[in-house]
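Subject: Structure for you, with notes on its disulfides

Hi,

Here is the structure I promised to send over.

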Amino acid sequence: MASSLHHHHHLLLLLLLLQNSIALSFTPNPPKKLQPFIFPLKTQKIPAMSLPRPSPNKLLFHHNVSLVVTLTVGSPPQNVSMVLDTGSELSWLNCKSHSDPTLKDPTFFNPSSSHTYYPFPCASPTCKTRTLDLPIRPTCAASGSCHVYLSYADASSAEGTLSSDLFSFTPSNPSKTIFGCIDSSFSSTTSDTSSIGLIGMNRGSLSLVSQMGTPKFSYCISGRDDTGVVLLGEAELPWLLPLNYTPLVEMSLPLPYFDRVAYSVQLQGIRVAQTVLPLPKSVLVPDHTGAGQTMFDSGTQFTFLLGPVYEALKIEFLKQTTGVLKGLGEPEFVFQGAFDTCFRVPAGVGRVGEGLPEVVLMFPGAEVAVTGERLLYRAEGEVRSGGAEWVYCMTFGNSDLVPMEAYVIGHHHQQNVWVEYDLRGGRVGFAPVRCDIAGQRLGAVV
């Protein structure tokens, strides 16, 4: 999380697409046999307020490191950058007019330059029947268009028109996709006007995977070079270890705090090294309001635990790292509003994760282990002892401080793990893998 609003990481992984692959259909009635295809991820630091998140359970950091893919939209094609977000449904693009219409800026989409762009009228079946899963129902604009809303974490909002245009991850195979063309937004915290789009990947009817009709998708995020790869569809990967699966949790009745189209799983416990935290089962299951569900969310950077579980982890982690990590010693210090387990580390130290106990998230049938450097994150700009010490914080946050009523497992804790979302099988699978090597092997399949 850099201190500069304008500092972006542009770390690209060049991957060859599978030969003879065809683009997946983005229409409501896709073909039965879908061929897989692959495209690269990069990480990018997103300025505050540039990413509206449509759920009350979403946290927006001042600098949210996000998983970004690049594609083209429209005819003729315009390059755009979009965040891959398994915690959201509706894909959207910032369609605000740029001061220089000739500037090819991948953070903006100009619908007036695309002859295949189509805004849905509010009387259309798409506006009336395919928006039922959206947290905020669309309205009818004065122009007669289908008007959609997205809410920010700080209660400001963005809005625009439900639209369709040609999306293409490969140059030769554009496919029609429904998305939100966001034409107004508000930011009270930054003068940075750049924005970025979002690809909704949850289980809602307007998410990209629902429009595609793909039975599963996977991604892998490197812990070494901040790159990654996305696989849409199925492919035989003989070098990949067998995946361990945990079932998705279904909720038949609508509850106010339960996101029924999220990738919700059951957290059974947390282990620090060999010590299982002494937690009553009741704190790990949703209550009668739906609060307390556990979600895998690629649109969130870190992992968040409800207060009692977070405090238990904090106590055990501090106990096991005595003599290894030097506590910050500032009880009032909270990094980014939710991280208060922080330490002093000598400035410029190479590896900060050596000697730390692994933290294992336990699910029925599967585990996700967080180890080494992924347990700590540097609070950039925070120095102590006249610059001789830097501040690092544990990468588990306290949901109660946000506040949000859920356990959220972010992409930082999914590094070097092959993560598969099996929509047809109703499950999520995991296998440890060197994701930088996985990307090379996927390219070598050609």
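**The disulfides**

With -115° about the S-S bond, the link of C95 and C181 is left-handed. C95 sits in the loop between β4 (92–94) and β5 (118–119), while C181 belongs to strand β9 (residues 175–185), so this pair ties together parts that are 86 residues apart in sequence. The S to S distance here is 2.0 Å. A disulfide, for these notes, is a pair of cysteine sulfur atoms within 2.5 Å. Helices (H or I, at least four residues) and strands (E, at least two) are DSSP runs, numbered from the N terminus.

A word on where this comes from: the model is predicted, so local features need pLDDT of at least 70 and side-chain atom pairs count only at pLDDT 80 or more, whereas totals for chains, interfaces and linings use all residues. Residues are numbered from 1 along each chain as its sequence is written, and side-chain values use heavy atoms, with hydrogens and water left out.

Buried here means under 20% relative accessible area, exposed means over 50%, and partly exposed is in between (1.4 Å probe, protein chains only).

Next comes the disulfide of C127 and C146, with S to S at 2.1 Å. Its angle about the S-S bond is 80°, which makes the link of C127 and C146 right-handed. Because C127 lies in helix α1 (residues 125–129) and C146 in strand β7 (residues 146–151), the pair ties together parts that are 19 residues apart in sequence. C127 is buried, with a relative accessible area of 6%, and C146 counts as buried at 0%.

Then there is C342, joined to C393 with S to S at 2.1 Å. The link of C342 and C393 is right-handed, with 100° about the S-S bond. C342 is in strand β20 (residues 342–346) and C393 in strand β24 (residues 389–394), distant parts of the chain that are 51 residues apart. Both C342 and C393 are buried.

How many disulfides does a search of the whole structure find? The search finds five. If you number the bonded cysteines of the protein in sequence order, the pairing reads 1-6, 2-4, 3-5, 7-10, 8-9.

Best wishes
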